[in-house]
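Please open the model in a viewer and keep the selection tool ready.

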Amino acid sequence: MIPLRLSVAVLVFVAASTLSAFALALRAGVLTAGHAQAGILIGMSAALVAAIQVRGEKGPCWRAWDWLAFAAFTLFALRAFCWLLFWDKDLVRVGAPNNLGDICRHLLYARMFADGEPLWPEHPLHAWAMLRYYPGADFFQAIWLSLGIDEMRALAWSGLAGSALAAFTLRRWGGAFALAAFLFAGGLAGFEIFTTGVLKDYQMPLAWKPLPTAIFLTQRGFLFALPAALLLFASWRFRWFPIDVRGEAGRKPPPSAWVLRWLEQGKAERVPLLPDQSAEYLLLPLWVEWLLLLSLAFFQLYAFLFAIGLLTYWSLAYRRSDTLVLLGLTLVPAAPLVALMIDFGGGAFFRWAPGWMGAGGKSYPWFWLLNFGLSLPLAIWLWLHLAQRRVLARHEPEDAAEAFVIPAGIAFLACTLFAFAPWEWDNTKLMLCAYLAAAPYVWRVLIATWPATLRALAGVTLFTSGAVSLAGGLHEGEKGYELAKRSELDFIRVEIQALPRTVRFACAPEYNHPLVLLGRRIAMGYDGHLFGYGLEYKTLRTEVQTLMFGRPGWKRSAGRLGVTHVFWGAREEKRFPKSTKPWEAEGEPVASGEWGQLFQLRY
């Protein structure tokens, strides 16, 4: 029970402290150390109450497969987050190549909130837009930064804590199989190692990339959203589908009014425990479920959408008023929160896009097999079996396998037909939720019933490719990848420290520009960051180029961009060659050094 209570307490602490500090900061217009302290106190109080009220059961002892899967997750977490950012003499390096762009964006948002950016802020990477982003993880980081906690340590420790929570909740949700399904998700690409003999990430070039390094490591909102969503699933499974709570032979079910009611009606039966399925049960207080569900909207929108989709499906398919009540209580405060963070205008966040990531043509079947391997045929087989049992045979009563697998399949299919983000690959975040919701039942309903030889063969086929790709990706980033120079960041930080937070700089649109890493506004950021959130930037780029090249009308462009200062360094020399630099004659020099020059414009 201690790991269970601790997990619930930590997640409630993160949710309550972040939301309360955000509410206080939004009301005041800026985050202060006082708001951070108040948020932490509220979070600690809520965590203590939740730890006392949560109900659960320890269940059977861990088996060898549980320990092996947990050990593999531990090795991944230590390698990924202890070397998330690290110093190499004067260089700041990133441990994973696919995290180069994402970590810069997280550093930007966390630093700008901590340094007093007015709320709700203008977009720091787009001169004509408001920030449209669900910043829960970065705001939580900003709380600690505002209290003087070291930035790199806060990033590393939050990553390790999120990994521990994810590993525990994955095991609780679906045993060792769910842990392995997340860690070693993949298709057939990794089997190429048997012909090349080279250890590398064979899955990364594909659409369905390794989940730990492509999503969990880079999308920091999942450090909270993944364990929070899995705890919600586990609590909902016990609360609303108690026939799935299975006790060992000769053992009484957990003392729950819901289970006893089903037993009295003769609709539940004790079934022997399957080999890898934990008998642990979990029942969260309703206020904790509401808090975690609402927090998902602030930390990871796609996990929130999937959870809301589950409740909606259960309300309609099973005519459950209790799920409808939770749904209504959550959507009332979540709607304005989501509207504040996401701009759904223009159809960029929802559009018809069949095929997902270019799948189509003659290679269409091969695309899915190469990306997903055996997991997709098994999931389709399971979905059809459960759907037939529910629709055609009118199976009664409903159980958790049907309740989770059928809507998960619908969500997965929707992601292959529609784009739920400007960049189609972002559908993977929603597909991940569907994948993990169904994973325990692929084992329980299908694989666990097979002979031992077939079970072993299925495990090798499902997880070998993903294991090779995960190990290969971590090995490839052993020496790290250069992000910035410490000395350059230190010098520039001192020079711009006195400038107001509302200053917007003109500079090269690089993902790792020092101004970005220091949390300052620039006229235009890296185009990949803008495209991913549906921001139009072609006209913006023209105005920035007019200003930075010093073309006729550069002052008008600076005015339209709201730029007050021009940063000129090596990146600008490379990006804007043969610039006339008219601000050197007409602007006011503010600072200069080996890193470059800073000018204040006069117009």
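With which residue does Asp102 form a salt bridge? Select Asp102 and Arg105: they form a salt bridge, with the closest N and O atoms 2.8 Å apart. A salt bridge here is a side-chain nitrogen of Lys or Arg within 4 Å of a carboxyl oxygen of Asp or Glu.

This is a predicted model, in which local features need pLDDT of at least 70 and side-chain atom pairs count only at pLDDT 80 or more, while totals for chains, interfaces and linings use all residues. Residues are numbered from 1 along each chain as its sequence is written, and side-chain values use heavy atoms, with hydrogens and water left out.

Asp102 and Arg105 both lie in helix H4 (residues 100-114), three residues apart; helices (H or I, at least four residues) and strands (E, at least two) are DSSP runs numbered from the N terminus. Both Asp102 and Arg105 are buried, on a scale where buried means under 20% relative accessible area, exposed over 50%, and partly exposed in between (1.4 Å probe, protein chains only).

Next, select Asp426 and Lys429, whose side chains meet in a salt bridge at 3.3 Å, N to O. Asp426 and Lys429 are also buried.

Then select Glu510 and Arg575, a salt bridge with its closest N and O atoms 3.0 Å apart. Glu510 lies in the loop between strand E8 (504-506) and helix H20 (514-517) and Arg575 in helix H24 (residues 570-575), so this pair ties together parts 65 residues apart in sequence. Glu510 is partly exposed, at 21% relative accessible area, and Arg575 is partly exposed at 38%.
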